[in-house]
Amino acid sequence: MAAATAKIPFIPASTFPSSSRSPFPTSKSTLPFSLIPQKQSLRHFLHISNSLHQSAAVTTTTIPTTTETPLQDSATPFAADEPRKGADILVEALERQGVTTVFAYPGGASMEIHQALTRSNVIRNVLPRHEQGGVFAAEGYARSSGMPGICIATSGPGATNLVSGLADALLDSVPLIAITGQVPRRMIGTDAFQETPIVEVTRSITKHNYLVLDVDDIPRIVNEAFLLATSGRPGPVLIDIPKDIQQQLAIPNWEQPIRLPGYMSRMPKPPSEVHLEQIVRLISESEKPVLYVGGGCLNSSEELRRFVELTGIPVASTLMGLGAFPTADELSLQMLGMHGTVYANYAVDRSDLLLAFGVRFDDRVTGKIEAFANRAKIVHIDIDSAEIGKNKQPHVSVCSDVKLALEGMNRILESKRDKLKLEYSTWRQELNEEKAKYPLSYKTFGEAIPPQYAIQVLDELTGGNAIISTGVGQHQMWAAQFYKYKRPRQWLTSGGLGAMGFGLPAAIGAAVANPGALVVDIDGDGSFIMNVQELATICVENLPIKILLLNNQHLGMVVQWEDRFYKANRAHTYLGNPSKESEIFPNMLKFAEACGIPAARVTKKEALKAAIQKMLDTPGPYLLDVIVPHQEHVLPMIPSGGAFKDMITEGDGRTEQ
């Protein structure tokens, strides 16, 4: 699953003679509204760092590609000096970046790109049934492989349908290239059919975006987009291409330099040896240290494991960091935060040293920020300088690649192993007592299927080796708690944005990026139905995706909050048919049947294990509709804005709160 990487040398900006054949002016100031490529806020200038977490720091400043070289020869049907359309230049530029898969839905303003894709012998288009499905699939591709995901949509509503995915990728630091068609340049700003100023719409939810006004800029812009999306803190980059640019003939200049001097000057430097020595000294002086790791550690899992081996420090993970350290390891405290384990939150609350690596102190982790780790000295390592001190002021901070920082600290620890003699057995024993006192647990009521049990059985039958995607809600939290993740990029979920409908299309991207891997979408009925149309894509592409649908006929997490904080008053959270409450509605099996996908329903606990085994044994895609009680609550729970002392460990919708 690891992507091959190659460093991209920075070529200083220089002036190249223009070979544009366009009769249109290229000055942005001549257009009816602002199209300055990126009048960047401080956030965007500093957003060149961090990772895939609830937004954590990423651990690389290299560009992942599908081959060993960053720029490759493409299998172009054109001679080097032969004019070709801008759309063909775009496709060839993607090929040169190692792109082999895109998720593209055609429309009037992007037809030229799709026509060019049909002329490519390299790039496969996986056709989604909705643009949101396409962008979430591209995210699933990127999250599971580490390589940038590519999605393409037309102008207007096609482009705006990408918005949730772009925001999701920005918050979770996912490398994504979104390409949109745009109305011809002469029509921009005239309220033309299917026109939206998508550059303006997406300015605050992309790492950077471009409006292409000169066909000769396409090779450079594509190169820059990939560099921006995959270096520092990864994120989404949007390229908006007017239709007349797609149609214009030109001879591409593939030797154009990247022109990002400001960005390159702000790239984080390697960590200072002095700072790393200081952190090691703090570790040696500590009695109760805890590691708080996020998605920024996904690319440095081996270094993290070695660091834990050398120090013996217990590890608590964010939602986005699951898999960076094996959750079944004896030093794992599993997830911390609002629905984290009691012992993970206890460890942070009692710690005297908090090592925060690749994290951003998200509110769902910290709760009441003043009370979070208030006994501890805090060390914060992150590749995004904007995250340092944004929510919680650290005592020691290092703005750098987490991978490099861990490598440096590991060298220091190895060289001083005999002198340091780190000893935390008393602290670990204290935490083990908390584990024994407050394990993750659930109750069983008659023949009803506890949703937590369904995930436990899936974990058992898959050996913890499946790639898991989820929607958003209770099922997402149970999947985080009860599936034991062994490796990075095994867990795909919408963390920062919390976008329902993410699970099914993300599974598509993961299955495409990882042929032969077992991919399971653990979904809820509310999230699943938001992108249910992607069952058609799964069928047509014959993707062997398994769907474990935890169906409680409600918006479960909102119901839980109604139970806890609104006296169980139901405010439009029932998703069934009120006139036939005894029936399961809608019948999810019919959706699967309509798309030619085998499906079954299970309602009793005793039949669940055999039903899941049949799902796993059936070749190709399969949907298992697991009927679960809506009264279940995700526990533990720290109420929003609360502290560790406010943690709830008992109760559900069956009891009065």
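Modeller: Start with one residue pair. K546 has its bridge partner in β22, and that partner is Y622.

Colleague: What kind of model is this?

Modeller: It is a predicted model, where local features need pLDDT of at least 70, side-chain atom pairs count only at pLDDT 80 or more, and totals for chains, interfaces and linings use all residues. Residues are numbered from 1 along each chain as its sequence is written, and side-chain values use heavy atoms, with hydrogens and water left out.

Colleague: How many bridges join β20 to β22, and which way do these strands run?

Modeller: The general idea: strands of a sheet pair through backbone hydrogen bonds, parallel or antiparallel. Here, β20 (residues 545-551) and β22 (residues 622-627) run parallel, joined by 6 bridges. Strands are DSSP runs of E with at least two residues; helices are runs of H or I with at least four; both are numbered from the N terminus. To count as paired, two strands need at least two DSSP bridges.

Colleague: What is the strand order in the sheet that holds β20 and β22?

Modeller: The order is β18-β17-β19-β20-β22-β21, an open sheet of 6 strands with parallel pairing. At its edges are β18 (491-492) and β21 (599-602), each pairing on one side only.

Colleague: What is the order in the sheet that holds β6?

Modeller: That open sheet also has parallel pairing, and its 6 strands follow the order β5-β4-β6-β7-β9-β8. Its edge strands, β5 (124-125) and β8 (208-211), have a single partner strand each, so one side of each lacks a neighbour in the sheet.

Colleague: Which strands does β6 pair with?

Modeller: Two of them. Strand β4 (residues 101-104) runs parallel to β6, with 2 bridges between them. F103 has C151 as its bridge partner in β6, and A104 has I152. Strand β7 (residues 176-182) pairs with β6 in the parallel sense over 5 bridges. There, A153 stands opposite T180.

Colleague: Why is β6 described as largely enclosed?

Modeller: Look at burial. Buried means under 20% relative accessible area, with a 1.4 Å probe and protein chains only. In β6 (residues 149-153), 5 of the 5 residues are buried, so the rest of the structure largely encloses the strand. G149, C151 and A153 point one way; I150 and I152 point the other way.

Colleague: Which residues have the most contacts inside the largest nonpolar core?

Modeller: A nonpolar core joins buried Ala, Val, Leu, Ile, Met, Phe, Trp, Tyr and Cys residues through side-chain atoms within 4.5 Å. The largest has 54 residues, with F103, I508, F528, L535, I538, I545 and I547 having the most contacts inside it. Helix α20 (residues 503-513) gives the largest share, 8 residues. Apart from this core lies another, of 53 residues, including V348, L353, M409 and W427.

Colleague: Which residues does I545 touch, beyond those up to four places away in sequence?

Modeller: Contact means heavy atoms within 4.5 Å. With those sequence neighbours not counted, I545 touches A507, I508, A511, V519, I538, G620, P621 and Y622.

Colleague: Where is the largest cavity, and which residues lie nearest its centre?

Modeller: A cavity is a set of points on a 1 Å grid, over the protein atoms alone, where a 1.4 Å probe fits but cannot get out; lining residues have an atom within 4 Å of a point. Among the 13 residues lining the largest cavity, N345, T366, F372, A643 and F644 lie nearest its centre. Helix α13 (342-350) and helix α14 (363-366) each supply at least two lining residues. The largest share, 3 residues, comes from α13.

How values were computed: Buried means under 20% relative accessible area, exposed over 50%, partly exposed in between (1.4 Å probe, protein chains only). On a 1 Å grid over the protein atoms alone, a cavity is a set of points where a 1.4 Å probe fits but cannot get out, and a pocket is an open set with protein on both sides within 12 Å along at least five of seven lines; lining residues have an atom within 4 Å of a point.
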